[in-house]
Every structure is written in C-alpha cells, then in structure tokens.
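Here are some notes to read alongside the model, written for someone opening it for the first time. Take the points in any order you like.

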Amino acid sequence: MRVVTALAVEPWVTEAAKSYNASNPKLEGRPIHVTIIPMDGLSALSRYDSASFEQLPTAWIPDSRYLVELANAAQKDKQGRDVFLTDGEYRAKPIALSLFAWGIYQSRAVVLEKKFGEVNWKTLHDAATAKGGWPELGGDPQWGFFKLVVPNPRKNVGGLAAMVAAAGEYYDRPDISTADVTDLKFQAWLKELMGAVTDLSGASAYTAEDFALLGYSVGDGGQLLESDLLASMAGIQTRWNDPLAVRYPKYVSWFDFPFSVWMGTETTAQEKNAALDFEKYLLTEEVQKKAVAYGLRPVHPTVSVMADANSPFAKWQKQGVAAVVPRTSAMRSPSRDVLQALLRWFDLNIAKR
C-alpha cells in the first residue's frame, strides 16, 4: 500500500510507517506493508491531473485540504464521480496541523518592531523597498539590504501559500480571487516584495533548512511553515548565535494534512481498507505525541503540544512560539485559477529575473 506524503510531514509519517510495518499488521489474514512516497503537494496534484503516476497511490497526504478538493474536482470532470470523499468512512481526515508563521532573526526582528510596531507583509514590503537598506531601517550597515525568505513556489506549496497570504494582508481579507491577484497595483506591490528574495531559482524545497544551514546569506526572515521553523530552530541558534523570533500573522494559512484515500477502481477494496487501518494508527495517541516532536500540532483531543518539556513548542516559547495560536483569521482555500495565476506571474516576473 503506497501513500504519497507531503514533505512537511514525511519524516513523522515515515517513522510511523516503519513502526506500523514492524508490528506485522494484517487485514483479513493478509499482511499490510506501507510504502511512503515523499512528494510536494503541487507535484502530486499535477500527477493526479495528468495521470502520470507509474502506480496509482492508495492514499495521499497533501499539505492542505484544498489540494484534495482541486484534484477531486478535476477527476470528477473526467470520470463523472468523486475519487476523494468528503463524508463517510473514507472521507479525507486531517492527521496533523501546522501553519505559516514569521521566522525572523532576533536581531532583525528587534529593529523591524521598533520601526514598524509589528512584523507583517506590509512591514516586510517597506523593509524590502528601503533604498538605504538596513541603515535606513535602523539596523546595522553590515546587514546590507533586507533579504526575504520565501519557499520556491515551483518546489514547495508553501511558496504559493506565502503569496496568497501576502494578498490577504494587502486586501485585508481572507478570501482572494483571480481578479485580486491579476490586479496591476497588487502585482507591482508583490514584485517589490518578492524582489527582496535572494535566490529563488536555487532554493531547495526545504527553505527553513537552508535558513539554518546557510544563515544570513539565505535571508533575514520570512513566512514559513511553523513545523519547518521549529525543526530548524536549534540548528540556527547553534550555528549563528542569533535565534529566530517567531511571530503569528493576522491572516493564518493553515495546513491540515488530510489523509485521503483514492476511491477509484485502480485500487482494491482491501487496499482502501488497509489505508484506513494505517490512518487509524497515525491518529492514535502515541503516534500523535510523536508528531509534536516534529513541530506538528496534533489533532488527537488529549495530546497537548506542551505535555513534554522537550517539546519544541515548550522549548522555544521565549522566542514567541505559541501553544495556542493567537486569535486570527484563517485564509480561505484558493481556487485553481488563483493558484495558476500566481504561478504564471511568478514564472514571468521572479523566476526568470
């Protein structure tokens, strides 16, 4: 049984799959073996759309529910039926949560908050367009110009989420339309903002990891997946002696990593039920506690991110990590047209610069 899994949860899911397989699980007397296939959500969506999987996966754990909805809508147009369900036993269920949060070197965050009051997309736009660089903002001249950290949208769905979140703050609302992202004034503003990114063409899918390994050369800060930030916090502090300050935006992009079973005839009923058995395993209290160690927020009702003193949520509280996310507005799922418009804009204006 093959499960295509979003990069952000792959280490945790892979560890769980190894433990699950080691228990020699069986269904109706037949052994179950889970194989995890790491893949970014946009890449997986493209493969579902083009039917280019060598062997169709039994299940998919994408970054966010909206990717499942987009894939299902496309397949429904082609096949005349749902292939991912929204209700019943086989419905897509979240197995963990994370969100996009600001991660900024403490030294830089102090300067930005002193000048602008808070860290947000408008703050970073103004920092990015400061012609005098960091000295104009009140920072150290040796820092040069402000450098933004954003995942490459062609390698990580987080890059698109960042641009959608930026649009939400620009328009001061959580729902974004195609007309919004194709508006010339917004595009000019976004280009100024994204112009502060150092090298998107060479960035890997794991931007927070690059942040930890390469330090200030990658950037001064940006909006990244909270779990990736937490996984890199210790490395950043050890290597650069300048810890990250974590801040939460007004409009939050939530990733819910829904376990989604393919309901087409390409997989057998036994394979589908085996997928459900592994899903139930991922949702057990023990496995959910392990998710916290990876910086993920559990969906199990009795598991707290603060239950263990070694939890990254407890360890990095002084840096702004919140056990309970401050009251914010959730960004609504973007449509396929919005995503395609942003990707096209990125290819024409940023990727080729």
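**Notes on the fold**

1. Let's start with strand 7. It is joined to strand 12 (residues 254-255) by 2 bridges, and the two run antiparallel. Within this pairing, Ser98 sits opposite Phe255 of strand 12. Strands pair here if DSSP finds at least two bridges between them. Helices (H or I, at least four residues) and strands (E, at least two) are DSSP runs, numbered from the N terminus.

2. A word on where this comes from: the model is predicted, so local features need pLDDT of at least 70 and side-chain atom pairs count only at pLDDT 80 or more, while totals for chains, interfaces and linings use all residues. Residues are numbered from 1 along each chain as its sequence is written, and side-chain values use heavy atoms, with hydrogens and water left out.

3. Which other strands does strand 7 run antiparallel to? Strand 9 (residues 221-225) is joined to strand 7 by 5 bridges, antiparallel, with Trp102 opposite Gln223. Strand 10 (residues 244-247) is joined to strand 7 by 4 bridges, again antiparallel, and there Tyr105 faces Leu244.

4. Is strand 7 enclosed or open? 8 of the 8 residues of strand 7 (residues 98-105) are buried, so the strand is largely enclosed by the rest of the structure. Buried means under 20% relative accessible area, exposed over 50%, and partly exposed in between (1.4 Å probe, protein chains only). Both faces are covered: Ser98, Phe100, Trp102 and Ile104 are buried on one side, and Leu99, Ala101, Gly103 and Tyr105 on the other.

5. Now look at the open sheet, where 5 strands follow the order 4-1-5-13-6 with mixed pairing. Strand 4 (35-38) and strand 6 are at the edges with a single partner strand each, so one side of each has no neighbour in the sheet. Further in, strand 1 (residues 2-5) and strand 5 (residues 59-61) pair in the parallel sense over 3 bridges, and Val3 stands opposite Ala59.

6. Aromatic rings are worth a tour, as the whole structure has 21 aromatic pairs. Rings of Phe, Tyr and Trp (its six-membered ring) pair if their centres lie within 6.5 Å; planes under 30 degrees apart count as stacked, over 60 as edge-to-face and the rest as tilted. For Phe84 and Trp262 the ring centres are 5.5 Å apart and the planes are at 80°, so this pair is edge-to-face. The two residues are 178 residues apart, and the pair links distant parts of the chain: Phe84 is in the loop between helix 3 (65-79) and strand 6 (93-94), and Trp262 is in the loop between strand 13 (258-261) and helix 12 (269-282). Phe84 is buried at 2% relative accessibility, and Trp262 is buried at 2% too.

7. Two loop residues have a backbone angle to check. Most residues other than glycine have a negative phi. Asn24, in the loop between helix 1 and strand 2 (26-27), has a positive phi of about 55° although it is not a glycine. Glu28, in the loop between strand 2 and strand 3, also has a positive phi, near 55°. Are these residues buried or exposed? Asn24 is exposed, with a relative accessible area of 60%, and Glu28 counts as exposed at 64%.

8. Ile32 is in the loop between strand 3 (30-31) and strand 4 and is buried at 9% relative accessibility. Ile32 and Asp277 are 245 residues apart in sequence, yet 9.3 Å apart in space, C-alpha to C-alpha. Asn152, in the loop between strand 8 (148-149) and helix 7 (157-171), is buried with a relative accessible area of 5%. The side chain of Asn152 reaches the backbone nitrogen of Arg154 at 2.9 Å.

Technical notes. Polar contact = N/O pair within 3.5 Å; in protein donor to acceptor, adjacent residues only side chain to side chain.
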